Amino acid sequence: VFLGGVHVHETVPPVIPADLPRPAILVFSKTNAFRHEEAIPAAGKMLAELAKEKGWGIYQTENGAAFTPELLARFDAVVFSNASGDVFNAEQRAAFKAYVENGGGWLGIHAAGDNSHKDWGWYMDQGIGTTFIGHPMSPQFQRATVRIENRANPATAGLPDTLARTDEWYSFDKSPRKLGIDVLATLDETTYSPKGPFGQELAMGKDHPIVWARCVGKGRALYSAMGHTAESFAEPEYRRLLSGALGWVLRLEGQGCRAEAATPPPASPSTAQ
C-alpha cells in the first residue's frame with residue numbers, strides 16, 4: 001500500500017436511502033493507498049453531527065461505484081475525507097469530473113491532496129492545482145501557526161487571525177495561487193521545522209498555502225491540507241472551517257464562482273445540483 005497502492009475498483013453501487021434530505025453530501029473515504037485509520041471515523045462522526053445540525057442529508061461510503069451520473073445527481077456536494085490512491089475506474093472518474101464541472105461541490109480533506117492521486121491528471125490540475133512533495137518526519141506532528149489570509153469565503157470568515165494547532169503539515173511543489181486560485185489560509189514556516197526524511201527541504205517560503213478554493217467549470221472546489229489526526233475534527237475552529245467550506249461548496253453561503261455568472265443560481269437548496 002505504501003509503495004504505489006492498490007487498484008481495487010468496485011462495480012456494484014451501494015443502496016442509497018431513497019428519502020435522503022436535500023441538500024445532501026456524499027462523504028467518500030476510500031483508501032487504495034495510505035489509510036488514516038483514526039482521522040476517517042473522527043471526520044465521519046463530525047460530518048454526521050454537522051449534517052444533523054443543519055438538516056442536510058448525508059451518506060458515507062467507501063464504494064467507488066457510487067460515482068455514477070444517476071447517483072451523484074442525488075447529492076449537492078462530495079467530500080473526499082482522507083481518500084487516497086487510485087480510487088476510481090475510468091467511468092467513475094468521468095462521472096465525478098462531469099459532476100463537478102456541471103455545478104457540483106467538492107471538499108477535499110488532507111490526503112485528498114497527497115501524491116497518491118498523481119496519475120489522475122484532471123484531478124491534480126483542476127481539483128488540487130499543485131503537487132504534494134512531503135511532510136515533516138522529525139517530528140511528524142508539530143504545532144504551527146496557520147494565518148487566515150482571505151475572509152471572503154465562509155470557510156474562513158468566522159475564524160481568528162491565526163490558529164495555533166498540531167497536525168502533519170503538507171508541503172507542495174508550488175503555490176496554487178499562481179493559477180488564480182483563492183488562497184484562504186497559509187502556514188507560517190517560522191513556527192515549525194519544515195524538514196522531511198533525511199533532511200529533505202520542504203520549505204515553501206512565505207507563501208505556503210494550506211487551505212484554498214477555486215471554481216472548476218460551474219462547480220465549486222475547496223481543499224484543506226489539514227486533518228491528519230482524529231483530534232483535528234474535535235477542534236472548534238477546524239469544525240467551523242469545514243462547516244463554512246461545506247456551506248460554500250453547497251452554494252448555501254458566500255459569493256459564487258465567476259464561471260457561474262452565466263448560470264442562474266438554484267431556486268432553493270432542495271433543488272441545487
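Trainee: Where does the backbone nitrogen of A24 lie relative to the side chain of D76?
Mentor: It lies 2.7 Å from a polar atom of that D76 side chain. A polar contact is a pair of N or O atoms within 3.5 Å; within protein, one must be able to donate a hydrogen and the other to accept it, and residues adjacent in sequence count only if both atoms are side-chain atoms.

Trainee: Is D76 buried or exposed?
Mentor: D76 is buried, with a relative accessible area of 2%. Buried means under 20%, exposed over 50%, partly exposed in between, with a 1.4 Å probe and protein chains only.

Trainee: What's the background on the model and numbering?
Mentor: This is a predicted model: local features need pLDDT of at least 70, side-chain atom pairs count only at pLDDT 80 or more, and totals for chains, interfaces and linings use all residues. Residues are numbered from 1 along each chain as its sequence is written, and side-chain values use heavy atoms, with hydrogens and water left out.

Trainee: Where in the fold is D76 found?
Mentor: In the loop between α2 (69–72) and β3. Helices (H or I, at least four residues) and strands (E, at least two) are DSSP runs, numbered from the N terminus.

Trainee: How do β1 and β3 pair?
Mentor: β1 (residues 24–28) and β3 (residues 77–81) run parallel, over four bridges. Strands pair if DSSP finds at least two bridges between them. V27 has V79 of β3 as its bridge partner.

Trainee: What is the strand order of the whole sheet?
Mentor: β2-β1-β3-β4-β11-β10-β9-β6-β7, an open sheet of nine strands with mixed pairing. β2 (57–61) and β7 (162–167) each have a single partner strand, so one side of each lacks a neighbour in the sheet.
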